[in-house]
Amino acid sequence: IMDSKTEMMDAIELLKWQLELGVDENIGNSPIDRFSEIALDPDPKKKNSISEDQKMPKLNTAITQAKSLAEQSENLDQLKNSLANYEFCDLKKGARNLVFSSGDPDANVMLVGEAPGREEDIQGIPFVGRAGQLLDKMLRPIGLTRDKDQLDNNFIGTAYICNVIPWRPPQNRDPNPDEIEMMLPFLKKHIELVGPKIIVALGNISCRALIGQTGITKLRGSWFDFEQTPVMPMFHPAYLLRNTAAKKDAWSDLLKIKKKLKEIA
């Protein structure tokens, strides 16, 4: 009995160790002999390309459908339903939840992240993991909160948060260009419905979607425009957790956001 209990405890510790390394999903219950597939098909590239053509719609069709659904959405609830009914993005098939938004829809500041992580996928809310907790701590010193019920003398306004991609990519990989293009009509409509005075682009994926540029190290700290709305690129909170020295730059960007808010108030 003691040996069985010890083995179980060892297995639990191993699982915890794998979770810390980022292995948080069971891809399959049995091994796959991929060499046998190649052996059976003398031209596996041809087979795979045919399979992809059969399963995936053409990108322009996917974008056209996204534009149509986004344009028909007259409020945030309808936009969320449109996203839930959108079937052209394969990320939806592997995600637990649609991660739509968090915060006050009437906020002056809208923060746009990249894609949900593990905790966000589980809860269906953006920025609820460690990066989200850091983001809340970053907003507090400049008087912003995503919870409008907290508004008092310590807070000057509220914030609204969403992501470019509403479904978690497998193994937290970066969204590919096709996925970003599919989601862009929804993001544009999302911004239009919220009508923020300032947009904060958190990370490279957000910068690519909003201002068509990447290279967050060079972009951060400078103002850009998204359809006449000021955009401030900033380091993603997840990056700041790994690179604490960059928090000094993030604080400088936050002060610029606070100054801009006072100018346009």
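The legends below describe close-up views of a predicted model of one protein chain.

Residues are numbered from 1 along each chain as its sequence is written, and side-chain values use heavy atoms, with hydrogens and water left out. Because the model is predicted, local features need pLDDT of at least 70 and side-chain atom pairs count only at pLDDT 80 or more, whereas totals for chains, interfaces and linings use all residues.

**View 1. The whole chain.** The protein chain has 13 helices and seven strands. Helices (H or I, at least four residues) and strands (E, at least two) are DSSP runs, numbered from the N terminus. Of the 265 residues, 41% are buried; buried means under 20% relative accessible area, exposed over 50%, and partly exposed in between (1.4 Å probe, protein chains only). Among contacts (heavy atoms within 4.5 Å) between residues at least 6 apart in sequence, 69% join residues at least 24 apart.

**View 2. Thr158 and Tyr160 in strand 4.** Thr158 lies in strand 4, which spans residues 157-163, and Tyr160 is found in strand 4 as well. Thr158 is buried, with a relative accessible area of 7%; Tyr160 is buried at 1%. The side chain of Thr158 makes a polar contact of 2.8 Å with the side chain of Asp104. A polar contact is a pair of N or O atoms within 3.5 Å; within protein, one must be able to donate a hydrogen and the other to accept it, and residues adjacent in sequence count only if both atoms are side-chain atoms. Leaving aside residues up to four places away in sequence, Thr158 touches Asp104, Ala107, Asn108, Val109, Leu144, Thr145, Lys148 and Leu151. The side chain of Tyr160 has a polar contact of 2.9 Å with the side chain of Ser101 and one of 2.7 Å with the side chain of His190. Tyr160 and Ala107 are 53 residues apart along the chain, and their C-alpha atoms are separated by 5.9 Å.

**View 3. Helix 5 and its buried side.** Helix 5 covers residues 76-85. Its residues Leu76, Leu79, Ser82 and Leu83 are buried. They cover an arc of only 115 degrees around the axis, which puts them on the same side of helix 5; the arc is that of the directions from the helix axis to the C-beta atoms. An α-helix has 3.6 residues a turn, so residues three or four places apart point the same way. The face turned away from the buried side of helix 5 carries the exposed residues Asp77 and Asn85. Helix 4, helix 6 (91-94), strand 4 and helix 9 are among the elements that cover the buried residues of helix 5. Asn75 caps the N-terminal end of helix 5, with a side-chain oxygen 3.2 Å from the backbone nitrogen of Asp77.

View 4. Helix 5 and helix 9 pack at an angle of about 170 degrees, with their axes 10 Å apart. Axes are lines fitted to C-alpha atoms, for helices over the stretch in contact, and angles run from 0 to 180 degrees between N-to-C directions. Helix 5 and helix 9 are therefore roughly antiparallel to each other. In this contact, Leu76, Leu79, Ser82 and Leu83 of helix 5 meet Met183, Phe186, Lys189, His190, Leu193 and Val194 of helix 9. The axes of helix 4 (residues 59-72) and helix 9 (residues 177-194) come within 8 Å and cross at roughly 15 degrees. Helix 4 and helix 9 are therefore roughly parallel to each other. Angles under 35 degrees count as roughly parallel, over 145 as roughly antiparallel, 65 to 115 as roughly perpendicular and the rest as oblique. The residues of helix 4 that meet helix 9 include Leu59, Ala62, Ile63 and Ala66.

**View 5. Helix 8.** In helix 8 (residues 130-139), the buried residues are Ala131, Gly132, Leu134, Leu135, Met138 and Leu139. They cover an arc of only 160 degrees around the axis, which puts them on the same side of helix 8. Arg130 and Lys137 are exposed, on the face turned away from the buried side of helix 8.

View 6. Asp225 lies in strand 6 (residues 224-226) and counts as exposed at 55% relative accessibility. Not counting residues up to four places away in sequence, Asp225 touches Ile211, Pro230 and Val231. Glu227 lies in the loop between strand 6 and strand 7 (229-234) and is exposed, at 56% relative accessibility. Glu227 has a positive phi of about 50 degrees although it is not a glycine. Most residues other than glycine have a negative phi.
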